[in-house]
Amino acid sequence: RDVTGVQTCALPICMKKRVGVIFGGRSVEHEVSVITGIQIMENIDKGKYEVVPIYIDKEGKWLTGDCLLNFKNFKNHNLQDAKEIILTPKYNDHNLYTHPESGGLFSKKIVDEIDVIFPAIHGTNGEDGTIQGLFELTNIPYVGGGLLSSSVGMDKIIMKDLFKANNLPIVEYMWFFRSEWEEDRDDVLKRIIDTLGYPLFIKPANLGSSVGISKAIDERTLIDGIEVAIRYDRKIIVERAVDNAREINCAVMGYDNHIITSLCEEPLGWKDMLSYEDKYIKSNMKGGKGEKRRIPADLEDEVREKIEKLAMESFKSIDGSGNSRVDFLLDEKNNVYINEINTLPGSIAYYLWEGKGYNFKELINEMIEISLNIYNEKNKNMRSYDVDLFNKINLGGKPQKM
């Protein structure tokens, strides 16, 4: 059984599951994804799993090969030994094939039967449900959020609309299309100022890692922030800032009602927002002045329990699965607001689980087991319904009423 008490699938001890770790991708978070992918491959239980690295480069090519296991090769751009491959959408075909253009006129199988996919792609085309749709078509188990929860968790507007519908606490917000800004910026500015006032945060709706996010304190900084955000997305969300807020983060792991929460963390030195560098470089420095987070966060028990409860509720509201991190804002009166949910947190948020007794290897094990349980649940569903409809309807004449 896993930590949630659910019976896990059993395979003979001698059999290793072949895990395809997919990372990289055509996203502004490409480098962060490479780091997460390498960390997963370095820390996975080699006694239980055989790792198959699958790297998607910035042009969208899928590659595999042992050279992808070494982070130095990415630093030195030494990936010429990697082979270009494809994963087909054919149902129950879980093999990897050479790309026709890279190995002759026809594809040939290069890796037999991937047992489970571990996506480590952050942002566009990886965290947003896109690649999860391919895994659903081919019916292969995959770690993390499903197609729906991934897409909802990626789009900050849909996500907040859903939280609002479930009576979860969020800051006031509004949104608009890039085309609206380009056609009548004065109208957009008026709606924002009349609805929200200042200060504000401006964000692309479908992006993470602090890329494209700005704070506005007046009309000039608001315009500048919008001009930055529209470079990254066609939908822009504007949120009312919380004065003197503390950021508190909490991870959730499991699926359905079988979920648990991690320790809470508080990024230190956070005031307006964390930059890309703060999140992925400075925050990983250990000791002395480099330490950038406090785990566990210094919280009253009542506040901590409220945050943990809201983390679970937000996770369930988007039908979350796997391991997600929920980010909160805490004001001076201890009011809690859900900022966003990250269905694929950087480094899979292992640092939040260490204090709950999981090392990185055990966390990866748990996430894979959860994915296999979900896969087994989905495959209990009926996939066809025979009613002999073709012989009950005639086409070719007048359209038939259905």
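Modeller: A residue is called buried when its relative accessible area is under 20%, exposed when it is over 50%, and partly exposed in between (1.4 Å probe, protein chains only). The model is a predicted one, in which local features need pLDDT of at least 70 and side-chain atom pairs count only at pLDDT 80 or more, while totals for chains, interfaces and linings use all residues. Residues are numbered from 1 along each chain as its sequence is written, and side-chain values use heavy atoms, with hydrogens and water left out.

Side chains of opposite charge can pair when their charged atoms come close. A salt bridge here is a side-chain nitrogen of Lys or Arg within 4 Å of a carboxyl oxygen of Asp or Glu. The search of the whole structure gives 23 salt bridges. Helices (H or I, at least four residues) and strands (E, at least two) are DSSP runs, numbered from the N terminus.

One of the salt bridges pairs lysine 378 with glutamate 136, and their closest N and O atoms are 2.7 Å apart. Lysine 378 is partly exposed, at 24% relative accessible area. Glutamate 136 is also partly exposed, and its value is 32%.

Another salt bridge pairs arginine 246 with glutamate 266, where the closest N and O atoms are 2.7 Å apart. Arginine 246 has a relative accessible area of 26% and is partly exposed, whereas glutamate 266 has 10% and is buried.

Strand S13 also holds glutamate 265, while its partner arginine 293 is in strand S14 (residues 293-294); this pair links distant parts of the chain, 28 residues apart. The salt bridge between glutamate 265 and arginine 293 has its closest N and O atoms 2.9 Å apart. Glutamate 265 is buried because its relative accessible area is 3%. Arginine 293 is buried as well, with 11%. Elsewhere, Asp301, Arg304, Glu305 and Glu308 form one network, joined by salt bridges that share partners.

Two further residues can be described by what they touch. Contact means heavy atoms within 4.5 Å. Valine 152 is part of helix H4 (residues 147-154). With a relative accessible area of 9%, valine 152 is buried. When residues up to four places away in sequence are not counted, valine 152 touches Ile158, Met159, Leu162 and Ile318. From valine 152 to isoleucine 341 the separation is 189 residues in sequence and 9.5 Å in space, taken C-alpha to C-alpha.

Histidine 30 sits in helix H1 (residues 30-43). Its relative accessibility is 3%, so histidine 30 counts as buried. Apart from neighbours within four places in sequence, histidine 30 is in contact with Gly24, Gly25, Tyr55, Ile56, Asp57 and Lys58.
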